[in-house]
Amino acid sequence: MKKAIVQLLIVFAILYGLLHLFIILGPQEAAVKYAEADIEVPRAPADAKMVSNPLPKTPEVITQGKEIFHGKGSCYVCHGENGKGDGPAGLELNPRPRNFTNPRFHEIRTDGELFWVIKNGSANTRMISFVPSMITEEEAWAVIRYVRTLSVPNPPTASKLPGNS
Ligand code: HEC
């Protein structure tokens, strides 16, 4: 009888431990599942790299781009209010929307490459073509001017973003 109680206690202890292990490991699995695709792999063909932004980098153009990002273009829905890739519709996507706060993104991508993706989409991802269905070419160039202002030094890693905690 006593032995049965001890055995029962051991079983409970193991279950309790497993439960905690599950709670600790669960969110990490989610973070891995919904990671951004490798940033070092270009999304646009090489010749897109050479195309430069026809719009000047003025406060007016940046403001216009910001309005499109948060309005007509609905970019924020996936890319997030601050461009971290954590918008309400972005958290469920695999790969995750690009994190525009990452300085590395701005370092390795030209405006021409960004434009190509906004116009043609990124194959096998939920980044579809937005030009001309949602925004004009000119509006896309303005959005790019705004996206360039979202870079922050030492951005949070993907696992520290909301929804990945
Ligand atoms: C439905 C969700 C969704 C919306 C809305 C969306 N995007 Fe994206 N976007 C993505 C995803 C997912 C990726 C990652 C694609 C990849 O890894 O190749 C991405 C990637 C990008 C990239 C980077 C591609 C690269 O070179 O790495 C740019 C630039 C971009 N989006 C711009 C925009 C702009 C501008 C808008 C608004 C007009 C927008 N996106 C709206 C989901 C979205």
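**View 1. The surroundings of the ligand.** Around the ligand stand 25 residues, of which the closest are Gly73, Cys75, Cys78, Ser122 and Met127; a residue counts as near a molecule if its C-beta atom, placed from the backbone, lies within 6 Å of it. Two elements, α3 (76-79) and α5, each give two or more residues to this shell. The largest share comes from α5, with 4 residues. Helices are DSSP runs (H or I, at least four residues), strands are DSSP runs of E with at least two residues, and both are numbered from the N terminus. By class, the shell holds 15 nonpolar, 5 polar and 5 charged residues. In this classification Ala, Val, Leu, Ile, Met, Phe, Trp, Tyr, Cys and Pro are nonpolar, Asp, Glu, Lys and Arg are charged, and the others, Gly among them, are polar. The model is predicted: local features need pLDDT of at least 70, side-chain atom pairs count only at pLDDT 80 or more, and totals for chains, interfaces and linings use all residues. Residues are numbered from 1 along each chain as its sequence is written.

**View 2. The protein chain as a whole.** The protein chain contains 6 helices and 0 strands. From the N terminus on, its elements follow the order α-α-α-α-α-α. Of the 165 residues in the chain, 28% are buried; a residue is buried if 20 or more other C-beta atoms lie within 10 Å of its own, exposed if 12 or fewer do, and partly exposed in between, with C-beta atoms placed from the backbone. Two residues are in contact if their C-beta atoms, placed from the backbone, lie within 7 Å. Among contacts between residues at least 6 apart in sequence, 67% join residues at least 24 apart.

**View 3. The largest nonpolar core.** This core has 24 residues, and those with the most contacts inside it are Phe115, Ile118, Ala140, Val143, Ile144 and Val147. At least two residues each are supplied by α2 (59-70), α5 (111-120) and α6 (137-147). The element that gives the most is α6, with 7 residues. A nonpolar core is a set of buried Ala, Val, Leu, Ile, Met, Phe, Trp, Tyr and Cys residues joined through C-beta atoms within 7 Å. Leaving aside neighbours within four places in sequence, Val147 is in contact with Gly83, Phe100 and Leu114. In soluble globular proteins, nonpolar side chains tend to be buried together.

**View 4. Helix α5 and its end.** Helix α5 is mostly covered, with 7 of its 10 residues buried. These are Asp111, Glu113, Leu114, Phe115, Trp116, Val117 and Ile118. The buried residues of α5 pack against α6. Gly121 follows α5 and has a positive phi, near 80°.

**View 5. Helix α6 and its cover.** Helix α6 is largely enclosed by the rest of the structure, because 9 of its 11 residues are buried. The buried residues are Glu139, Ala140, Trp141, Ala142, Val143, Ile144, Arg145, Tyr146 and Val147. Their cover includes α2 and α5.

**View 6. The packing of α2 with α6.** These two helices pack at an angle of about 100°, and their axes are 7 Å apart. Axes are lines fitted to C-alpha atoms, for helices over the stretch in contact, and angles run from 0 to 180 degrees between N-to-C directions. The angle therefore makes α2 roughly perpendicular to α6, a term that applies to angles from 65 to 115 degrees. From α2, Val61, Ile62, Gln64, Gly65, Lys66, Ile68 and Phe69 meet Glu139, Ala142, Val143, Ile144, Arg145 and Tyr146 of α6. By class, this contact comprises 8 nonpolar, 2 polar and 3 charged residues.

**View 7. Two cis peptide bonds.** Asn94 and Pro95 are joined by a cis peptide bond with omega of about 5°. Pro95 belongs to the loop between α3 and α4 (103-108). A cis peptide bond also joins Val131 and Pro132, with omega of about 5°. Pro132 is in the loop between α5 and α6.

View 8. Ser74, a residue other than glycine, has a positive phi, near 50°. Ser74 lies in the loop between α2 and α3 and counts as partly exposed because it has 16 C-beta neighbours inside 10 Å. Asn124, also a residue other than glycine, has a positive phi, near 60°. Asn124 is found in the loop between α5 and α6 and is exposed, with 8 other C-beta atoms within 10 Å.

Conventions
Parallel < 35°, antiparallel > 145°, perpendicular 65-115°, else oblique.
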